[in-house]
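Hi,

Here is the structure I said I'd pass on.

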Amino acid sequence: MTHAMLKGSNVPLEAGTVRAVLRWTPGQGVPDVDASALLLGPDGRVRSDEDFVFYNQPRHPSGKVWRLGKKRITEGLTDTIQTDLPGVEPEVGRIVLVASADGVTFDRVPALCILLYDAAVADAEPLAVFEIKPETGAETALICGELYRRGEGWKFRALGEGYSNGLKGLATDFGISVDESEMEEPGASRPLPPEQPTSAVPQQPPAYGYPQPTSAPPAYGYPQPQPVPASVSVPVPVPVGPADPDFRLPPQGPQFIGR
């Protein structure tokens, strides 16, 4: 059964190895999109720069989180992060799943969504799907969602929080020491599939303690449920409940849109 996620909702994960697939529709003027992941410790920050899995560092040293890369499918283009949840180091409490748009704003990226699959089941239906709607359209990086520990298991939370200063700004807020040369996005290191693609209202502040300005206290409003587009071939979705009421994360820095 596929869960249609609303912003801020969560769903338990029974799968051991989870594939998080970022999907969008290519076209004239549509920027390239990259998936990445940050492994966060108890303080809500990375333990070292090695906890950042992205196009120039596609595999975590533990071997439990890695980037599978780009793929062209019938519904569009995808970029994928895979995680072996039981093998993730105990100090890692959350794995943040990120989309970045190569310095171009996400208002030019149509049909952006993230789908979670059980990687051990071939041709499986998605465990969950979240249609990502940028709050302002001026975001150049988005926190799509997070895998997080709950008791002895793991859950997925849909987020969709945006940054105006791209992957570098987002990574810096989580404790990454940004090397300008490493964060460059050369085409040689990020090949696309062989075929070529065819031709502000302030954001509500985030709920879960991601970096936010010190001058504004956090608040959160969930948008109304959005229908799953016809491009997502899933069974009748089962909405999930609200976010865990006892979930709290650290204060946030100044990078979010509308702060």
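Before the rest, the ground rules. This is a predicted model, so local features need pLDDT of at least 70 and side-chain atom pairs count only at pLDDT 80 or more, while totals for chains, interfaces and linings use all residues. Residues are numbered from 1 along each chain as its sequence is written, and side-chain values use heavy atoms, with hydrogens and water left out.

**Salt bridges**

Strands here, like helices, are DSSP runs numbered from the N terminus: E with at least two residues for strands, H or I with at least four for helices.

Arg-47 also makes a salt bridge with Asp-51, again with the closest N and O atoms 2.9 Å apart. Arg-47 is partly exposed, at 36% relative accessible area, whereas Asp-51 is buried, at 2%.

Then there is Glu-146 with Arg-157, a salt bridge whose closest N and O atoms are 2.9 Å apart. Glu-146 belongs to strand β11 (residues 141–150) and Arg-157 to strand β12 (residues 153–163), so the pair ties together parts eleven residues apart in sequence. Glu-146 is buried at 0% relative accessible area, and Arg-157 is buried at 0% too.

In the whole structure there are eleven salt bridges. One network of them links Asp-32, Asp-34, Arg-67, Lys-70 and Asp-79.

**Rings**

Arg-157 turns up again here: it lies over the face of Tyr-148, at 4.1 Å from the ring centre. For that label, NZ of Lys or CZ of Arg has to be within 6 Å of the ring centre and within 35 degrees of the ring normal. Arg-59 has its charged end over the ring of Trp-66, 4.8 Å from the centre.

As for ring on ring, the search of the whole structure gives two aromatic pairs. The ring centres of Phe-52 and Phe-54 are 4.4 Å apart with planes at 5°, so that pair is stacked. Phe-54 and Tyr-55 have their ring centres 5.1 Å apart and planes at 65°, so they are edge-to-face. (Rings of Phe, Tyr and Trp, the last by its six-membered ring, pair with centres within 6.5 Å; planes under 30 degrees apart are stacked, over 60 edge-to-face, and the rest tilted.) Together, these ring pairs link Phe-52, Phe-54 and Tyr-55 into a cluster. Phe-52 and Phe-54 are both buried, and Tyr-55 is buried as well, with a relative accessible area of 5%.

**Strands**

Which strand order does the open sheet have? Six strands form it, in the order β2-β12-β11-β8-β4-β5, with antiparallel pairing. At its edges are β2 (10–13) and β5, each with a single partner strand, so one side of each has no neighbour in the sheet. Strands count as paired if DSSP finds at least two bridges between them. Inside the order, β4 and β8 run antiparallel and are joined by seven bridges, with Ala-35 having Ala-99 as its bridge partner in β8.

Strand β7 (residues 76–84) deserves a look of its own. Nine of its nine residues are buried, so β7 is largely enclosed by the rest of the structure. Eight bridges join β7 to strand β3 (residues 17–24), running antiparallel, and Arg-23 stands opposite Thr-78 in β7. Strand β6 (residues 65–73) also pairs with β7 in the antiparallel sense, over eight bridges, and the two form a hairpin with two residues between them. Across that pairing, Lys-70 stands opposite Asp-79 in β7; both residues belong to the salt-bridge network mentioned above.

Cheers

Conventions:
Buried < 20%, exposed > 50% of the residue type's maximum accessible area, 1.4 Å probe, protein only. Salt bridge = Lys/Arg side-chain N within 4 Å of Asp/Glu carboxyl O.
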